[in-house]
Amino acid sequence: SRRERNIASQVKNRLPQRMIDLLKEAGELADQLGCEAYAVGGFVRDILLGRPNLDLDLVVEGDGIDFAKKFASRVGGRVKAHSKFKTAVVILDDDQRVDVATARLEYYEYPAALPTVELSSIKMDLYRRDFTVNALALRINPGRYGQLVDFFGAERDIRNKTIRVLHSLSFVEDPTRILRAIRFERRFDFQIGGQTMRLIKNALSLKLFSKLSGTRVMHELQLIMNEEDPLSCMLRMQELGIMEAIHPLLKLTQERIQILTELVKVHNWYKLLYLEPKIVPWKLYILGMTAGVKRDQTTQVTKRLHFTPKEEREFLQLRDMIGEALMKLMGWKEGKSKLSRLYSILHPIPVEGILFLMARSRKEYIRRNISQYLARLRSMAVDVNGKDLMDMGIKPGPVFGQILDKLMVAKIDGRVETREDQLKLAKRLNKELSEDPADTTEA
Ligand code: ATP
């Protein structure tokens, strides 16, 4: 019937051999089981865009769970099945994940005398998706391997760099798609299509956002904050009035935009250095989005976004720690104050909070020293351990911790560079501490 373009050569050029082998294995298995299988969604979209994407989603016109089990035993892996949704995840031995979904045949009863039509199930599966660019399927059965199934003009929209919904009730059905539209638009540097934009504005004027659960909003916000350029998504949200639609306190003021701009910079700097621990982007950016909100009002936002009690507690704590640290940092003077003082100010604070402090510090030397802290001091350790202390005849107990803390301070301030110096200092500290156990002055 319709002409399907074959993109096998693009598939070959743009994916690692391992992935191609998996596609072919899955296709052969589908043939053996007498069903059709497809790669779908973002995976196919990104082949056409020439962007790396190894998140393989398969749709099977048949029994997806059975398919997943047989696929796993064929290529080596385990299966997590969700029988309720007829989906499964195959986790291969090299940790590659393959999601498998089932496309069901659906029959549409037309009123009056018209016959019942059976719609191709892959078509129905694709029709439920958010945007045309995500509603592509790639055939993988051997006979038709590489053929692109494009019912909704996705290729044209990719060529024209357009985000377009599949039907006019899309945002009414699921308003989180508004946030998804913005996210894909900004990520690919596309434009939301004219009609689609009218549908977004219509959905917003119907206040559909206020009915959305905090969990769902938060999930999409988190995806936005994991993007390369979260700020441009947030600016687009503000332009459309979505920030206030989520919660009036979230209006993106000029001051917040300025803070978020700095946060993106420090976040990129941190990512570039591959520093550990990995940061959780939303913990950083929510700080920026709520900058200036009073403490007791902050919970209005965390409640709206349906933070768990633990997340809420930790978030409030983080804000408090930042406030306290900002005060202390004002008294810290380069050249005059000890580096170990900076260490003790920053050390209790989770890394998201430290990046926020870095972004918020106006003095260049504070920023520079915080960056030094993250790059070097934070992960520094003394070269002496508990066993060394025992070997010196010191009995394990609270004194261990005191000695190690003081060694750390001395090392940070550059007083004991070598292990030998640290052992010597440990001996002296032990003597001092055992002579006067109540002494808690700094080493
Ligand atoms: P990403 O590159 O961000 O992973 P993706 O397109 O793979 O993008 P996922 O969030 O992993 O996106 O979703 C997988 C597929 O499921 C998408 O391609 C999309 O078609 C579909 N999908 C996800 N969320 C929705 C939604 N709210 N409404 C309709 N379809 C959705």
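The legends below describe close-up views of a predicted model.

**View 1. The four domains of the protein.** The chain is divided into domain 1 (8-156), domain 2 (161-246), domain 3 (250-380) and domain 4 (386-435). Between the C-alpha centres of domain 1 and domain 3 the distance is 42 Å. The bounds come from an automatic or database domain assignment.

**View 2. The ligand between two domains.** Residues of domain 1 (8-156) and of domain 2 (161-246) both take part in the shell around the ligand, so the ligand lies between these domains. The ligand takes up the space of the largest pocket. Two elements, α3 (42-49) and α8 (176-188), each give two or more residues to the shell. The largest share is that of α8, with 6 residues.

**View 3. The residues around the ligand.** The ligand is surrounded by 14 residues, and the closest are Arg45, Asp174, Arg177, Arg180 and Arg187. Sorted by class, the shell holds 9 charged, 4 polar and 1 nonpolar residues.

View 4. In the side chain of Arg45, an N or O atom is 2.9 Å from an oxygen atom of the ligand. For Arg180, the distance from a polar side-chain atom to a ligand oxygen is 3.4 Å. For Arg187, a polar side-chain atom lies 2.7 Å from an oxygen atom of the ligand. The ligand taken alone exposes 590 Å², and the protein buries 72% of that area.

View 5. Asp189 is placed in the loop between α8 and β11 (191-192). The phi angle of Asp189 is near 60°, a positive value in a residue that is not glycine. Most residues other than glycine have a negative phi.

View 6. Glu276 and Pro277 are joined by a cis peptide bond, with omega at about -5°. Most peptide bonds are trans. Pro277 has its place in the loop between α13 (254-272) and α14 (281-289).

Technical notes
Residues numbered from 1 in each chain as written. Predicted model: local features only at pLDDT ≥ 70, side-chain atom pairs only at ≥ 80, totals over all residues. Heavy atoms only, no water. Near = heavy atom within 4 Å. Polar contact = N/O pair within 3.5 Å; in protein donor to acceptor, adjacent residues only side chain to side chain. Areas by Shrake-Rupley, 256 points an atom, 1.4 Å probe, with all protein chains shown as cover. 1 Å grid on protein atoms, 1.4 Å probe; cavity = no way out; pocket = protein on both sides within 12 Å on 5 of 7 lines; lining within 4 Å. Sits in = over half its atoms within 2 Å of the grid points. Helix = DSSP H or I, 4+ residues; strand = E, 2+ residues; numbered from the N terminus. Nonpolar A, V, L, I, M, F, W, Y, C, P; charged D, E, K, R; others polar.
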